[in-house]
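Let's take a walk through this model together. Have a look at the sequence and the fold first, and then we'll pick out a few spots.

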Amino acid sequence: MSRNRTATKAMQRRGFMQTALGTAVAGAGFQAAGTAGQPAPGTKVYRESIATPVIGKYQVVVAGGGPSGVIAAAAAARSGADTLLIERYAFLGGNGTAGLMTCYNGFRNQRPPETLQTVKGIPAEYIAELVRLGGVADIDNYERNATHDIRKGDIPYTVGFDPEAAKIASLNLLRKEGVKLRLHSWVVAPMLDGSRVTGVVVQSKSGRQAIAADMVIDCTGDGDLAAGAGAPFMGPASTGDRMEMSLMYRLGGVPASITGAFGGIRIGDRVVRWGPGFGGDGLDVENLTRAETESRLKLWDQVQEMKKKPGQESFYLMQTATGIGIRETRRILGEYVLTEKEAIAGTRFPDVIAISSNPFPSYHGKRYFLSHEGFDIPYRALVPQKVEGLVLSGRCISCEQAPFQSARSMAPAMAVGHASGCAAALCALRGVAPRKLEVKELQKLLVSQKAELRL
Ligand SMILES: Cc1cc2nc3c(=O)[nH]c(=O)nc-3n(C[C@H](O)[C@H](O)[C@H](O)COP(=O)(O)OP(=O)(O)OC[C@H]3O[C@@H](n4cnc5c(N)ncnc54)[C@H](O)[C@@H]3O)c2cc1C
């Protein structure tokens, strides 16, 4: 812990940029992230005066209904907390459904050693529901040399899925646990009492409203709430291993004469594929507008070209993702920053709350496979610096870029969601701050809910 704190301090000395809505840390291979909409000095401003009605109070509020948020909300409710999940879209599933990224990677190592299924517990129950709904894809393009039987609960490295079934499986899981749901709602700011998050402000067709909470979990992917509350964060480097955005799409009309996965995730004559990529800042709305415009125009032309090939005349662009898929934005600085060295070595931590066994998909241009069953994610990586009342989850947790590449995959993101949900519930029920939570109690709760912690 003290070694890690020193490294963080050194990073902070090397480069530091303060923004009104968050603190971005530059240097040590990191670049300052976007400024979350705050006016640059000297910009003309319009001052709003807003009195926001507080419309409810919950023990746990989960911001964001992606793979991590859905599992976090289910876990918090199962652990006894009155829980509300808030999502900006009209459906759940995050990048798996809205982003059309239809394979949950990282339930175990892709290559040997892969005997241990590292993600179990509520995420495995979610997969069982997907199986029950008939929502597993026919075939995917991931090589693997071990067989596992998903129908017996022995989940393979990756689970290709039907995004519509994933939306239903998420709803079913939340209903079963009694989670309250609020869709069509953007979380636009934290409610703050000093450095303590006391709820969230949401914007929807019902207007601007505030919802109070004993504990909030940031499952927005981008760490919107943590950054908004003033937690320091790391942004991706503009060069090197920065992971680019990609527009996923579903190609229809793939004939049976074309066999195999056809470079994607296949269900019958439909194949989800990786479309055009785009670089730059995934938090800059002008860059995002360029990314959407250029990638959609390019993809249309690509499909028209594909149709010209003999045997591919029946192809058509069936569906594109709701928005271009954004792989990498903020990683919030927590009480501990999990390092590349530790992930590669498979360092074990006494405060383990989840395991990531996924490869680093783009490590210096190559897919890097772990030589061990998976690396531990310590609880301290879920506790943001400088902010109280908030737990991190999903792809914004506190780690360096290499472990991020691994743990951002949806299976480990679900496992982290399981832990953040249990942690937030314990904090809310005991009246304890996340920084002070007794980790042994959290681990005991997670194990009782069948999470794999290798304890
Ligand atoms: C192109 C691409 C390919 C990928 N390939 C794979 C792969 O093959 N397999 C794999 O497992 N993973 C893959 N990933 C990674 C994976 O999809 C994400 O890292 C993962 O979904 C992160 O989960 P999350 O729950 O943290 O965030 P998300 O899935 O991003 O979910 C965040 C949720 O919060 C909501 N939200 C965000 N901000 C707000 C707000 N302010 N208010 C309200 N709601 C909000 C979003 O709408 C979303 O539902 C890929 C990612 C991309 C972009």
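Which helices and strands each supply at least two residues of the shell around the ligand? They are H2, strand S5 (103-105), strand S9 (186-193), strand S13 (245-252) and H9. Helices (H or I, at least four residues) and strands (E, at least two) are DSSP runs, numbered from the N terminus. Keep in mind that this is a predicted model: local features need pLDDT of at least 70 and side-chain atom pairs count only at pLDDT 80 or more, while totals for chains, interfaces and linings use all residues. Residues are numbered from 1 along each chain as its sequence is written.

Back to the ligand: 38 residues surround it, and the closest are Gly-64, Gly-66, Gly-94, Gly-325 and Gly-394. A residue is near a molecule if its C-beta atom, placed from the backbone, lies within 6 Å of it.

Now find helix H3 (residues 121-132). Its twelve residues should span 16 Å at 1.5 Å a residue, and the end C-alpha atoms sit 17 Å apart, which agrees; the expected span is 1.5 Å times one less than the number of residues. After H3 comes Gly-134, with a positive phi near 70 degrees.

Last stop: Val-216, in strand S11 (residues 207-218). Val-216 counts as buried because it has 30 C-beta neighbours inside 10 Å; the cut-offs are 20 or more other C-beta atoms within 10 Å for buried, 12 or fewer for exposed, and partly exposed in between, with C-beta atoms placed from the backbone. Val-391 is 175 residues away along the chain, yet its C-alpha atom is 6.5 Å from that of Val-216.
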